[in-house]
Amino acid sequence: MKPRLTLVAGLLALAAASTAQAQSSVNLYGLLDLSVGQTKTPGTSGSVSSVDSGNMTTSFFGLKGSEDLGGGLTASFVIESFLRPDAGAAGRFATDNFWARSANVSLSSKSAGTLRLGRITTPFFIATLVHNALGDSFGFSPSIRQVFTSGTVTGDTGWSDAVSYSTPAMGGFSAVAMVAAGEGGGGRNTALSGSYASGAFSGALSYQQVKKGATVDDTTTSSVHASYDFGAVKLFGQYFKVDNDTKNVDYKISAVGASVPAGPGKVLLQYTQTKASAGAGRKGFAFGYYYFITKRTDLYAVYLDDKVDNLSSGYSYGVGVRHSF
C-alpha cells in the first residue's frame, strides 16, 4: 500500500474507533459497606458481636454498558453481583445466584420509555428504599426489615425471568409495569408503580402480586410512599397493606422518618410498626448519623431498637464505612 493510502486508512480506522467509543461505553462500578457492631435478635437471650458487610447498603459490584443505535434509540446491559467482603464471599448469602442484583438488557428512547428483559429490581423495592430515612439498609432500617425480612412481603427485591416497561418522565410523573414469568415454578409475578417528583416533594404508589415459586407464599401488596424536603428537615412516610393469600393473614405496616442536616452529615430517624391479623406485631425505631468524608466515602453510626410482641426486645448497632467506586 502506498504511504498516502496507508495514512488515509489509518486516519479512517482512528475515526471509526473514536466514533464507536462515542456511541458505546462499558463501566465498572460498585460499593463496599463494612461495619462492626452487635446484634440481639428479639426473643433470644444473647447477643452476637461481629464484623458485617452490607448493614447500611448491600455491597455489590457491577458492569454496565450502552450503545447509541441512532434515531434516539439506545441499547444497554447491566450485570450486578452482591458480595460479602467481610468473608470474601459472593452473594448476600451462600445460596444466592452470582448476578442476583441485576442481569438484564434494555432498549430505551427519551420519547418512548424503556423496555427491559432479565433479572430486574422491583419498582416496589425502589419506592420503599427511596421513601425511608435509612434507604435500603437491611441491617438497621426498621421499614426494610419489617417489609422484606419479617415474613410479610414475599418474593425477592429483584425478579428473574422478568419483563418491565418504564415510561419516560412526563412533567415529573413516571410509571413502571413489570411481569416475571412463572416458567413452571408456580404462577407469575406482576407489579405496577407510579411515581411523581417535583421540587421538594416525591411520592409513589405501588402494587405487586407474588405467585411465582412453589415454596413461596402468594402475597398481594399495595403501598403509598411520600417525602418532602423542607431544607431544615426531610420527612418520610409510608404505608403498606400486605395480604398473605397462602396463610390467610394480612399485615398493615406504617412508617415515618426524618433526615436532618447536621454539620458535614445528617441525623437519621425512622420508626416502623407492623400490625398482623394473626400472630405477633412488630415495632422498630432507628437513629443514626452519616458523616460525609467525600461524595464517594462516608462513615455512619446507627442504633436499632427492635421489638416483637410477647418476645424479649432485640437491638442492633454498628459503626461502619461505605465506599463507592
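# Turns and strand pairs

Me: Where is E183 found?
Reply: This is a predicted model, in which local features need pLDDT of at least 70, side-chain atom pairs count only at pLDDT 80 or more, and totals for chains, interfaces and linings use all residues. Residues are numbered from 1 along each chain as its sequence is written, and side-chain values use heavy atoms, with hydrogens and water left out. Strands are DSSP runs of E, at least two residues long, numbered from the N terminus. E183 is found in the loop between β9 (173-180) and β10 (189-198).

Me: Is E183 buried or exposed?
Reply: Phi of E183 is positive, near 50 degrees, in a residue other than glycine. Buried means under 20% relative accessible area, exposed over 50%, and partly exposed in between (1.4 Å probe, protein chains only). The relative accessible area of E183 is 60%, so this residue is exposed.

Me: What is the relative accessible area of D161?
Reply: D161 is found in strand β8 (residues 158-166). Its phi is also a positive value in a residue other than glycine, near 55 degrees. D161 is partly exposed because its relative accessible area is 34%.

Me: Which residue takes a positive phi in the hairpin of β17 and β18?
Reply: Strand β17 (residues 297-308) pairs with β18 in the antiparallel sense over ten bridges, and A301 stands opposite V319 in β18. Five residues lie between the strands of this hairpin. The residue with a positive phi, near 70 degrees, is N310.

Key
Two strands pair if DSSP finds at least two bridges between them. Helices (H or I, at least four residues) and strands (E, at least two) are DSSP runs, numbered from the N terminus.
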